[in-house]
Amino acid sequence: MKRKRRIYIIFILVLAGIYLLLLMLMLQAESANPQSSIRTLGDAVWYSVVTLTTVGYGDITPVTTVGHIVGIIFLILSTGLLVTLVGSVFSFLSSEGFPLLILSWQKKKNWYYFADMGQEANVLAQQILEEDADAVIIFGQSENSLEEKPDYPCMFINVSPERIARCKGGAGSRCKVFLMKENDIGVNPRAVNIARLPVEVYARTASGEDTLSGNIHFFHNYDCCAREYWRKKPLTSGESQIVLIGFGEYGEALLKRAIMTNVISPEHHVSYHIFGDVGYFLHMHSGLARVFSIQQEADDRDSLIFYEDSWTMHRELLAAADRIIICEDDEQEGWDILWHMRRYYLTRGRIDLRNSRSAPGISYFGTNESIYTPEHILRTTLNQVAIAMNNLYRSSHPENSLDWDQLEDYLRQSKIAASEHVFTKVRILLRDEMIIGLSARDLERAYAVYKKSIRNPDFLDRCRRIEHQRWLRFYAYYNWTYGPVHREDLRQDPRICPYDELTPEFKSYCDYSWELLGELRLKNEADS
């Protein structure tokens with residue numbers, strides 16, 4: 001790019017030199033002739049401009065032989081110059097130059113650049129426009145390559161993120177770059193390269209990476225789907241038998257989020273019955289056996305029961321289940337299961353089907369419109385809640401706590417898991433199992449109930465037990481064990497033990513995630 005720019009500069013300088021030389025030749029020849037009307041450099045420039053643009057006013061004309069020769073050269077050049085000018089203007093208007101010029105006039109707005117336009121990018125772009133009045137949507141491809149054009153304001157500029165970043169400069173907020181195609185071999189290295197630019201990068205991945213520091217963020221649709229499912233269809237106190245059919249990417253993500261967030265009472269226990277290929281999962285998460293009952297139902301803890309045979313062999317289980325989640329990665333296979341189950345099996349509980357499109361007459365989840373949202377991809381609220389929790393802890397323990405960006409990945413994930421449980425805590429405090437959002441009013445009411453109720457030692461103890469159980473499940477998922485001191489290299493922590501064995505100091509650690517309701521309440525008041 002620099003070499004090409006240098007060539008252009010040299011070419012322009014050579015042309016300018018030739019032009020000045022011709023002007024001086026004409027001026028020298030004409031000014032010596034008393035009959036000539038070209039007496040000054042300004043006269044020579046005026047004549048050249050009128051001639052080169054083919055206007056030809058005739059008010060000034062050369063009379064000498066040299067002047068005529070220079071005039072002929074200008075006349076010959078005029079046709080080529082006109083064609084070049086017209087072609088340059090047309091090329092500028094039809095290429096990326098004109099859109100980039102228009103874009104440069106909107107530098108202070110919020111830019112969202114999509115490397116390509118697919119179904120997922122289209123859904124996310126529309127929702128961004130609905131939430132951000134200052135959004136500028138940019139697709140990094142040619143508009144001519146599309147079969148259907150979007151019906152919302154956007155720009156198609158077939159240039160790289162590097163070019164967009166240079167155009168944006170340092171004005172306004174950083175441009176957000178989205179890589180929506182799931183291709184770890186190609187996309188993740190590209191995301192890392194783009195992250196060197198002054199932009200925020202959001203890359204879809206299948207590897208399970210989930211980084212929330214720096215300027216690069218990976219996300220995966222099955223994890224977004226699981227978060228959305230348990231938030232919009234939360235576990236209730238009346239449910240104790242949950243069946244998951246399909247244990248691919250979506251099934252594993254749904255079980256993971258259930259493990260992390262479905263803690264609603266010390267007395268309430270759930271049995272999860274999972275159909276699918278689970279061998280790899282059990283080997284990877286062997287620590288779950290310390291907090292769950294594996295392969296048999298228990299009265300004192302949640303149970304994880306895995307089946308190697310087909311769900312079709314367990315009619316009594318399906319009939320007794322409070323909820324059946326059909327979450328096959330292959331949507332057609334999921335539909336086949338639903339039709340066969342409805343036609344040939346007795347079920348009393350709800351049946352939820354994962355489907356990327358809305359479907360009338362069934363309870364579905366995981367549509368593109370519900371997954372590819374700013375809330376799930378940008379994760380603004382979730383990040384803010386997790387960071388607020390870390391700041392709350394730091395305010396009480398400044399001597400042994402770190403800023404968010406200094407935390408190890410597992411600590412960030414731990415606080416994110418705690419922030420996801422805030423929805424559950426609000427439901428517990430307000431005794432409303434159908435709350436699916438964090439409104440300022442609900443936060444205020446929930447925090448008021450908490451501060452009033454913890455005067456009762458039994459209530460405070462109950463809250464701490466719930467949080468400790470949630471915390472234990474997170475660390476068991478990542479195979480941490482008990483140790484007399486906290487050792488990250490050994491994955492050991494002294495709090496990984498039954499609640500009744502905790503010291504009073506360790507029990508008080510459970511209060512931070514509940515006090516987070518107050519921090520969020522204050523933040524909402526400040527924002528409003």
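**Aromatic pairs and a buried aspartate**

The count of aromatic pairs comes to 24, with rings of Phe, Tyr and Trp (its six-membered ring) taken to pair if their centres lie within 6.5 Å. Planes under 30 degrees apart count as stacked, over 60 as edge-to-face and the rest as tilted. The model is a predicted one, in which local features need pLDDT of at least 70, side-chain atom pairs count only at pLDDT 80 or more, and totals for chains, interfaces and linings use all residues. Residues are numbered from 1 along each chain as its sequence is written, and side-chain values use heavy atoms, leaving out hydrogens and water.

F275 and Y307 are a handy pair to start with. Their ring centres are 4.4 Å apart and their planes lie at 15°, so the pair is stacked. A tilted pair is formed by Y509 and Y512, with 6.4 Å centre to centre and 35° between the planes. Y509 counts as buried at 18% relative accessibility, as does Y512 at 15%. One aromatic cluster includes F247, W471 and W480.

Turning to charge, D116 is buried and has no salt bridge, defined as a side-chain nitrogen of Lys or Arg within 4 Å of a carboxyl oxygen of Asp or Glu. The nearest side chain of opposite charge to D116 is K181, 4.6 Å away; Lys and Arg count as positive and Asp and Glu as negative, while His and the chain ends are not counted.

How values were computed. Buried means under 20% relative accessible area, exposed over 50%, partly exposed in between (1.4 Å probe, protein chains only).
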